[in-house]
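Q: Can you walk me through the side-chain contacts in this one? Keep it quick.

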Amino acid sequence: RSNKYKKWKEQVLKRDNYKCQKCGTKQNLVVHHIKAFAIDKALRFDIDNGITLCKDCHKEVHQSER
């Protein structure tokens, strides 16, 4: 991953206090693009297009998108 992506990820984690925004856990965190990375290039590195989720909540988000 690029340095730009790493910086974006860290900014989102910091903004969200390193906590899943769905369930509140602080373990197994990932940063999810609200509008897909591949689809909306203009929002790829916009921190408002990111949300901190744990792996379980992240999986639920993707399952509900189907």
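**Charges, rings and cores**

A: A search of the whole structure finds two salt bridges (a side-chain nitrogen of Lys or Arg within 4 Å of a carboxyl oxygen of Asp or Glu). This is a predicted model: local features need pLDDT of at least 70, side-chain atom pairs count only at pLDDT 80 or more, and totals for chains, interfaces and linings use all residues. Residues are numbered from 1 along each chain as its sequence is written, and side-chain values use heavy atoms, with hydrogens and water left out.

Q: Which residue does Lys22 meet in a salt bridge?

A: Glu60, at 3.7 Å from N to O. The pair links distant parts of the chain, 38 residues apart: Lys22 is in the loop between helix H1 (3-15) and S1, Glu60 in helix H2. Helices (H or I, at least four residues) and strands (E, at least two) are DSSP runs, numbered from the N terminus.

Q: And what does Asp16 form a salt bridge with?

A: Arg15, with the closest N and O atoms 2.9 Å apart. Asp16 is buried at 8% relative accessible area, while Arg15 is partly exposed at 35%. Buried means under 20%, exposed over 50%, partly exposed in between (1.4 Å probe, protein chains only).

Q: Where does Arg44 lie?

A: In the loop between strand S1 (29-33) and strand S2 (50-54). Arg44 is buried yet has no salt bridge; the nearest side chain of opposite charge is Asp40, 7.7 Å away. Lys and Arg count as positive, Asp and Glu as negative; His and the chain ends are not counted.

Q: Then what does the side chain of Arg44 reach?

A: The backbone oxygen of Phe37, at 2.8 Å.

Q: Switching to rings. How many aromatic pairs?

A: Two. Tyr5 and Trp8 have ring centres 5.6 Å apart and planes at 40 degrees, so that pair is tilted. Both lie in helix H1, three residues apart, about one turn. Phe37 and Phe45 are edge-to-face, at 6.2 Å centre to centre and 85 degrees. Rings of Phe, Tyr and Trp (its six-membered ring) pair if their centres lie within 6.5 Å; planes under 30 degrees apart are stacked, over 60 edge-to-face, the rest tilted.

Q: Last one: which residues make up the largest nonpolar core?

A: Six: Cys20, Val30, Leu53, Cys54, Cys57 and Val61. A nonpolar core is a set of buried Ala, Val, Leu, Ile, Met, Phe, Trp, Tyr and Cys residues joined through side-chain atoms within 4.5 Å.

Key: Polar contact = N/O pair within 3.5 Å; in protein donor to acceptor, adjacent residues only side chain to side chain.
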